[in-house]
Each structure stands twice: as structure tokens, then as C-alpha cells.
Amino acid sequence: MPASTSMEWNGNISSVTVFILLGLSDDKELQLILFPVFLGIYFITLIWNLGLFLLIWMDSHLHTPMYFFLSSLSFVDICYSSSISPRMLSDFLKHEKNISFIACATQYFFVAWMGLTEFCLLAAMAYDRYVAIGHPLQYSTIMAPGLCVKMVAGAYVSGFLSSLSETLSFLNLSFCGPNVIPHFFCDLPQIVSLSCSKPLISQTIVTLVAVIIVLGTLLIVLLSYGFIVASVLKISSGKGSAKAFNTCASHLAAVTLYYGTDISVYLCPKSSQSMKQDKIASVFYVIIIPMLNPLIYSLRNKEIKAALNRLIEKALGLPQLT
């Protein structure tokens, strides 16, 4: 790419105004194959998550704390996927995958906001499961609608402030040399490595966010499941224990997938050979997991299946059984 389209000169110092995303692959034939695959994944993500979101809000039987959190997770996954997929899909069809400095910062802000909010929501859902299993008689009192709204609002605000702090640290960096990002979206670690200024502040903020949000919410999840296990062990009935664990199985699967891939990308030591592995892991947690979440939570969920049946019966004008 010509320097004149990606640099501005201020005296003797050049400033990068455009970045180049390498994408998933530089093989043109492979990109044409990947385009319909990821287009299909994106449409499935939108349909499944929007469908689950609307089903929960339309069926009064699902107006419980657990499904309130699940509907919030579906909304976050729609926004999360939409902050990356449309740009990635258009890049598959482009010869030059250019993105302006401001557009790159904006994309990272929304990606980080939704991603960090999802960590907080998963922690809130873990606490909800603990209260449901550990304190079933007080569940409706403890998990009152007001508290649930505050927990979801807190998740969004925490994600927003954390993402904003990271994005502002990115905007304060200087870029005067390489402008090629070896990724399919603007991710702060790859951007920081291109900076010609000292990235200490950015790296410190990223580390603090990782410790407070990622590891902090992971601690809440682990403590919640520790208390859940302790509560289940007190249940004398084997059938009751199995039922209690089944209520957590979907959430535990979602937590394992999301935390596992995210931690492997951002918190594990890096080597020169790990870049391709990071790309694959990134595809999984920003593209695949938002598609899988509604399936994970719905596949063995009798209440969601019943709600879907009620909706179909209502649409067909059939008599409904309450």
C-alpha cells in the first residue's frame, strides 16, 4: 500500500492514519471459500440469539431471573458478533483490507465492551444458579427483579468503562512505522506492538482489566460452583443431586468454552509460533461461541422447548394447555 494513503507527515515524524488487517488468510481462493461459511455462521448467530431473546420476552413462563440473564446474554452475543463479522465478511472480498485509525479504535471499543460484559453476565448467571440450588426457598426473595436489573446494568457499565479505558489508552499511542495488524479484527495486543511510543500505560490498563474483569469474574464463578457442589452434596436424594447438576450443565459448558479460549489468547505466554493458534482461538470465542450459546442453553432445556411449542400453537391458533 502506498505510504501516502496510510501516513500523515508532521515535520520529521510520520503518523499512521490507516491500518491493514491481514485477515484469516492471504489465500484468495481460501477467502472465497471462507466467505459463505462465515456468512452462514453470522446469520445463524443472529437468528438463534434473536429468536431466543424474543421467545424469552414473549413467554411469561420464562420471566424468571435465569432467563432474564439468558436474554441479556443473547443480546450481548448479537452485538459481539456484529462488531466483527460484517467487517470480516467484507474483507474476504477485498484486495486491500484497510481500516482507518478511528474505525479501528471504534471496532475495538465495541468488541471489548461486549466481550467484557459477557464475562460479567456469566458470573451473574453463576451466582443465580448458586442461589437457586443453595437457597431454593429464598430464591425469589434474593433474586428479586430489582437486583437482577442492577446486576445486568452493572455488567454493561463494567464492560463499558473497562473498554473505554483500554480504547483511550490506544488513542494516546503514537504510530509512525509498521501498520499491518496480523489479525482479522483490531485487537489491542496486536495494535500496541505496532506503536512507536512507550506502551507501558496501555499494557498496564490491559493487565488491570484482565485481572479485575476476567480473573475477578472467574473467581466469582469458581466460588459459586464451589458452593453449588457443597449444597448438592447435602442433598440425600441421588435424583435430586442429578437434577441440581443438570441445571448448571449448560452454563458450565458456556463458561468453560468462553473463559478457556479467552485466557489461552490473552493470558498465556506467547511464542512466535502461537500467532496462528491465537487466530483460531479468536475465531472460536468471537464468532463460534456467540453462535453456540443459544444452542447450549436450549438443547436440553424443557422450559424453552415448552415455550416454543406454546408459541407455535398460538401462531397456528391451536388450544393451549397451561
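User: What makes residues 205-232 a helical span?

Analyst: Residues 205-232 are 100% helix and 0% strand, and the end C-alpha atoms lie 39 Å apart. Helices here are DSSP runs (H or I, at least four residues), numbered from the N terminus. This is a predicted model, where local features need pLDDT of at least 70 and side-chain atom pairs count only at pLDDT 80 or more, while totals for chains, interfaces and linings use all residues. Residues are numbered from 1 along each chain as its sequence is written, and side-chain values use heavy atoms, leaving out hydrogens and water.

User: Why is serine 298 called buried?

Analyst: Buried means under 20% relative accessible area, and exposed over 50%, with partly exposed in between (1.4 Å probe, protein chains only). Serine 298 has 18%, so it counts as buried. Serine 298 sits in helix 10 (residues 275-298). Beyond residues up to four places away in sequence, serine 298 touches Leu52, Ile304 and Lys305, where contact means heavy atoms within 4.5 Å.

User: How do you know that the buried residues of helix 11 line one face?

Analyst: Those residues are Ile304, Ala307 and Arg310. Seen down the axis of helix 11, they fall within an arc of 120 degrees, so they line one face; the arc is that of the directions from the helix axis to the C-beta atoms. The face turned away from that buried side carries the exposed residues Lys302 and Leu316. Helix 1 (28-58), helix 2 (65-82) and helix 10 are among what covers the buried residues of helix 11.

Notes:
Helices (H or I, at least four residues) and strands (E, at least two) are DSSP runs, numbered from the N terminus.
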